[in-house]
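Please keep the structure in view while reading the numbered points.

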Amino acid sequence: MDATPVELGLDTFGDISRGPDGSLQSDAQTIRNVVEQAVLADQVGLSFFGVGEHHRKDFAVTSPEIVLAAAAARTSNIHLGTAVTVLSSDDPVRVYERFATLDAVSNGRAEVILGRGSFIESFPLFGYDLADYEQLFEEKLELFSMLLDEKPVTWSGRTRAGLQDADVYPKTEKGLTAWVGVGGSPESVVRAARYGYGLVLAIIGGSSARFRPYADLYRRSLRELGRNQLPISVHSPGHIAETDQQAWDEAYEGVAELNTTIGRERGWPAYNRLRFQQDVGPDGAMYIGSPETVARKIVATVQALGNTRFQLKFASGSISHDRLMSSIELYGTRVLPLVHEMLADAPVAS
């Protein structure tokens, strides 16, 4: 494989968790917990900490950049980014300005992962028509791509006011790292290649091997566009404890609660233990188990897809802060070295 080890990172949506007495914690405490989780992730040697943007009661974080700035002040090495920034319902100029500022306060560790958003609450909240879902993202991604050059921009479109020789500040010292998050649309994969963004595959159902065609399409599109190969990352849910059974028992209630809530909104059947055991199995999308189990599953993903980063969405539902902290510690101290050891002489997709 490549001499550069696969990076392991974490993602969270700031899920509202339960306190020691079993009651749901406040939004404010959940946000403070996320900062503590980022600090621990840095201490155990992880490469990336991503915070999602949502605008609903299940999740506390609506302004990831502010949470990440707090984490930047207390960390040294870990890269800090989003999972994802809903560019469609935001303004590209303001997104660039906020992340360029985060890049400054973190000494060059900021990353932005852009997406259309699998939840749609932000669209009516900020006055956008869902009928424009595709055009909003396409136009705003085009403008954001121009802003990344950090030169005066002239742009016009239908979804926001045009710009004429507009210069945007602050400038970064080494440029801003940007990715596009994709849930499985071939058009989105090709779009990421066309604009020259890294690709984050959000795999939340089924085997990661099913996504090999998307990784192949991305690499082929880059070649056909005459671009250098760019990194691929995978985002999937997970939780780690000393044994598989302990991890399953700790994670199940929160996972079931979250899936059932979302399922009610989207017409899915109620979540159950049988479905959970399928999801945590070898062909499922959840990386829940002992350090050895999770490491093996990450290695299988890397071998199938050739991704250079894996982002574990470590908080799902109301799992408690202390269990999340234990999961992070095991991820960094046990899973990380196991993954590097297992991949040392293993064949990897490319």
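1. Helices (H or I, at least four residues) and strands (E, at least two) are DSSP runs, numbered from the N terminus. The largest share of the lining of the largest pocket, 5 residues, is contributed by H8. The model is a predicted one, in which local features need pLDDT of at least 70 and side-chain atom pairs count only at pLDDT 80 or more, while totals for chains, interfaces and linings use all residues. Residues are numbered from 1 along each chain as its sequence is written, and side-chain values use heavy atoms, with hydrogens and water left out.

2. The largest pocket has a volume of about 1,100 Å³. A pocket is, on a 1 Å grid over the protein atoms alone, an open set of points where a 1.4 Å probe fits, with protein on both sides within 12 Å along at least five of seven lines; lining residues have an atom within 4 Å of a point. The volume is the space filled by probe spheres set on the points. Of the 47 lining residues, Phe13, Ser118, Phe119, Ala202 and Ile204 are the closest to the centre of this pocket.

3. Several elements give two or more residues to this lining, among them strand S5 (110-115), helix H5 (133-147), helix H8 (244-266) and helix H9 (273-280). By class, the lining has 22 nonpolar, 16 polar and 9 charged residues. Here Ala, Val, Leu, Ile, Met, Phe, Trp, Tyr, Cys and Pro count as nonpolar, Asp, Glu, Lys and Arg as charged, and the others, Gly among them, as polar.

4. How do H8 and H9 pack? Their axes (lines fitted to C-alpha atoms over the stretch in contact) are 11 Å apart, at an angle of about 125°.

5. Gln245, Trp248, Asp249, Tyr252 and Val255 in H8 meet Arg273, Phe276, Gln277 and Val280 in H9, where contact means heavy atoms within 4.5 Å. The residues of this contact comprise 5 nonpolar, 2 polar and 2 charged.

6. Two peptide bonds deserve a look. Ala83 and Val84 are joined by a cis peptide bond with omega of about 5°, and Val84 is in the loop between strand S3 (79-82) and strand S4 (85-86). The bond from Tyr169 to Pro170 is also cis, with omega near 0°.

Technical notes. Axes are lines fitted to C-alpha atoms, for helices over the stretch in contact, and angles run from 0 to 180 degrees between N-to-C directions.
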